[in-house]
Amino acid sequence: MQQLNKRMHNTLITIAGLAMLVFSAFAFAGEKPSFAPKVPHPTNGSTECVQPEDEMKKNHMNYILHQRDQTMHQGIRTKTYSLKECINCHVPENSEVRFGDDKHFCSSCHNFAAVSIDCFQCHMDRPMKGKGTQGKNPHTAQATPTADKTTISTDIADTSKSVQDTKEAGNE
Amino acid sequence: MSNSDVNISRRSFVEKSATAAAALTIAPGMFLHTVAEAKPADQAVSSAVRWGMLIDTAKCASGCTACVSACNTENGIASHDRPRTDQQWIRKVTLRDKQTKHEISLPMLCQHCEKPPCVDVCPTGASFKRDDGIVLVDRHICIGCRYCMMACPYKARSFAHETVDATVDHQPRGKGTVESCTMCVHRVDEGGTPACVEACSEAEHGAMIFGDIKNPDSEISKQLLKHGGKQIRADLGLNTGVRYRGI
Ligand code: SF4
Ligand code: SF4
């Protein structure tokens, strides 16, 4: 009885091994496995990302996260690893495709990998390319500095006491 | 430390700003300039600068809400027709003296305190002050507890109660986080002016001046030197970056 069991066991292992061999032969037959999502390429015709494709596939989130903190806290606004530039490059302008749609650059992979991200609860999922702000008017009336020491002595009074009644105009 | 101490390490800034481009406002809404000197994009902001505003209440027209509309447009703030909970980064306030009935009108916004209570109370570090004095909420880490809203003496902060349908890409805003005036940090970092200040100038009131209060040669510093600029609730000792004339 024990002998029979052992033989059956061996046979099973052999069958499993054969099956794996056959399966992997199929898997390697094509250049790309057919189930991988199709990721939209840059809209400007460029074929190179800011890092090699493999690196971006694995580590894009780290680049973006690092840039996020630098921009937020230190005002560093370089474009290389900015999320806005990912969108500007990979999502066509005036695109109707929104995040969540399989055709959207970010969703194409994230939907497939079932990784849910919340970037686009706040960030734009399509390019704006500067629409919405002019923002370039200068604010400083600067002459060549002459003195290197001036004292600003502002008259600081307790204004709370002079304010007796307030009314507020609401937000528009 | 004195409340009006805005001049720390000015010397180092003066040295750096020797090459700053000349830019001059010649008339409301008109800017005469050669090049807008912006900090290089890869350079971190520095404490040699402190951004501030000076608001002249004598020039601020009652009934005018140009600054409020400009802010809403610039930052994609839309009303849900629920005034009690709608987000509001800047609002017009009318102060009336009960005795004399004299009224003044002024815009109220985040005062960009040097010692901001909102930062003190924030349990996550989301509320923070940049080296150049601009107080911001890092909405990536804000948990929406709203402690900062309670701590702010100026009612400057709002909570996003509802899903925001983004209309601008320079100011990501979203439900469940607190937000307030950023002094248009996205513009400032590129050498620009906050939208409200620009709108006030375009409306030919010119009641708001924006600039570096640590640089003695900036327009705002000259005006502060000449006329002074009061803090609202100076008794709190927060050393606000937004100062007012005529209150
Ligand atoms: S005005 Fe309010 S929100 Fe702005 S820095 Fe001061 S305490 Fe913070
Ligand atoms: S609401 Fe956000 S920014 Fe305000 S105190 Fe809480 S975590 Fe900090």
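**View 1. An open sheet of three strands in chain B has the order β10-β3-β11, with mixed pairing.** The model shown here and in the other views is predicted. Strands β10 (208-212) and β11 (242-245) of chain B form the edges, each pairing on one side only. From one strand to the next, the twist averages 20 degrees. Strand β3 (residues 51-56) of chain B pairs with β11(B) in the parallel sense, over four bridges. B:Asp56 has B:Arg245 in β11(B) as its bridge partner.

**View 2. Helix α6(B) lies across β3 and β10 of chain B.** The helix runs at about 135 degrees to β10(B).

**View 3. Helices α2 (residues 66-75) and α6 (residues 195-202) of chain B pack with their axes 8 Å apart.** The angle between these helices is about 135 degrees, which means that α2(B) is oblique to α6(B). Their crossing is right-handed. On the α2(B) side, B:Ala66, B:Cys67, B:Ala70 and B:Glu74 take part in the contact, meeting B:Ala195, B:Cys196 and B:Ala199 of α6(B). By class, this contact comprises six nonpolar residues, no polar residues and one charged residue.

**View 4. Ligand 2 is surrounded by 14 residues.** The closest are B:Cys122, B:Cys142, B:Cys145, B:Arg146 and B:Cys148. The shell around ligand 2 divides into ten nonpolar, three polar and one charged residues.

Technical notes:
Residues numbered from 1 in each chain as written. Chains lettered and ligands numbered in written order. Predicted model: local features only at pLDDT ≥ 70, side-chain atom pairs only at ≥ 80, totals over all residues. Heavy atoms only, no water. Near = heavy atom within 4 Å. Nonpolar A, V, L, I, M, F, W, Y, C, P; charged D, E, K, R; others polar. Axes fitted to C-alpha atoms, helices over the stretch in contact; angles between N-to-C directions. Helix = DSSP H or I, 4+ residues; strand = E, 2+ residues; numbered from the N terminus. Parallel < 35°, antiparallel > 145°, perpendicular 65-115°, else oblique. Left-handed = near helix turned anticlockwise from the far one by under 90°. Contact = heavy atoms within 4.5 Å. Pairing = 2+ DSSP bridges.
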